[in-house]
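Trainee: Could you take a close look at one part of this protein with me? I would like to go through it slowly, side chain by side chain.

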Amino acid sequence: MRYAKRGRLRFSSTRDFQRALERAVRRAGVPMAFSAGFHPHPRISYANAAPTGTASESEYFQLQLTQVCDVEKLREALDESLPTDLAVLRVVEAAPGALADLLQASVWQLDFEGIPLETLTEAVDAFMKRTELLVTRMTKSGVREFDVRQAVLTSDVVGVRSDAGAEIARWTMTIQHTTPAVRPNDVLKGIGELTELVVPRPPLMTRLAQGTLEPGNTVGDPFEQ
């Protein structure tokens, strides 16, 4: 299943979504398969969730059912049972293999207010001219240092206007999924250390697409593989 996380619910965590989905599954009467043992849990798996605080139009999870269902009716039932800003966009029958293996890259859109377009363009150009840029981040296994530059495959900065008429500098980039995962915040941290770019307020981050890495560094639909 592909779903979107929008509006204020971009601040919900992966665990928040898991709880909301499990309630929605019960309300919708989905014929779920459950794990064995003393504390059975619905068989749901999640793949490469977006960080808390980011919106997304391309999140994925899998359900294991006890019977075959009409995929569109299942989508409608779950969509109606979830909060408004969580939208189930598409449901397909799972293909052989792991869904996570098909999630190889993401397209991210970052909207900045309070930064002149020229300033952001110069900072991004300086970043893209590098062959390597190391940043550090605390992970579950401790502090890790990793390269954020090689993970950014494409980059485009343009000026747009928000719905309220404010001027926005918009940066769209394709990030290849790596280990450890490179997040947009990691890229911003690297740019800040490289160029001393000052971001007066966090940009609105939205994952536009997530899927297979195709020729030309485009991102393909994992459901079409």
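With which side chain does the side chain of Ser58 make a polar contact?

Mentor: Happy to, and please keep in mind that this is a predicted model. The partner you are asking about is Tyr60: its side chain and that of Ser58 make a polar contact at 3.4 Å. Ser58 belongs to strand 3, and Ser58 is buried, with a relative accessible area of 3%. If we set aside the neighbours within four places in sequence, Ser58 is in contact with Arg2, Tyr3, Arg207, Leu208, Ala209 and Gln210.

Let's follow one of those contacts, Tyr3, into the aromatic rings. A pair of aromatic rings is described by the distance of the centres and the angle of the planes. The count of aromatic pairs comes to seven. In one of them, Tyr3 and Phe17, the ring centres are 4.0 Å apart and the planes are at 5°; planes under 30 degrees apart count as stacked, so this pair is stacked. Tyr3 sits in strand 1 (residues 2-5) and Phe17 in helix 1 (residues 14-28), so the pair links distant parts of the chain, 14 residues apart. Tyr3 and Phe17 are both buried.

Tyr3 also pairs with Phe61, and here the centres are 5.6 Å apart with the planes at 55°, so the pair is tilted. Because Tyr3 lies in strand 1 and Phe61 in strand 3 (residues 55-63), this pair ties together parts that are 58 residues apart in sequence. Both Tyr3 and Phe61 are buried. Together, Tyr3, Phe17, Tyr46 and Phe61 form one aromatic cluster.

Elsewhere in the chain, another aromatic ring is worth a look. The charged end of Arg149 sits over the ring of Phe127, 5.7 Å from the ring centre. Phe127 is in helix 3, where Ala123, Val124, Ala126 and Phe127 meet Val187, Ile191, Leu194 and Thr195 of helix 4. Two packed helices are described by the angle between their axes and the distance between the axes. For helix 3 (residues 117-128) and helix 4 (residues 184-195), the axes come within 10 Å and cross at roughly 95°. That makes the two helices roughly perpendicular to each other.

Methods. Residues numbered from 1 in each chain as written. Predicted model: local features only at pLDDT ≥ 70, side-chain atom pairs only at ≥ 80, totals over all residues. Heavy atoms only, no water. Phe/Tyr/Trp six-rings, centres within 6.5 Å; stacked < 30°, edge-to-face > 60°. Helix = DSSP H or I, 4+ residues; strand = E, 2+ residues; numbered from the N terminus. Buried < 20%, exposed > 50% of the residue type's maximum accessible area, 1.4 Å probe, protein only. Lys NZ or Arg CZ within 6 Å of the ring centre and 35° of its normal. Polar contact = N/O pair within 3.5 Å; in protein donor to acceptor, adjacent residues only side chain to side chain. Contact = heavy atoms within 4.5 Å. Axes fitted to C-alpha atoms, helices over the stretch in contact; angles between N-to-C directions. Parallel < 35°, antiparallel > 145°, perpendicular 65-115°, else oblique.
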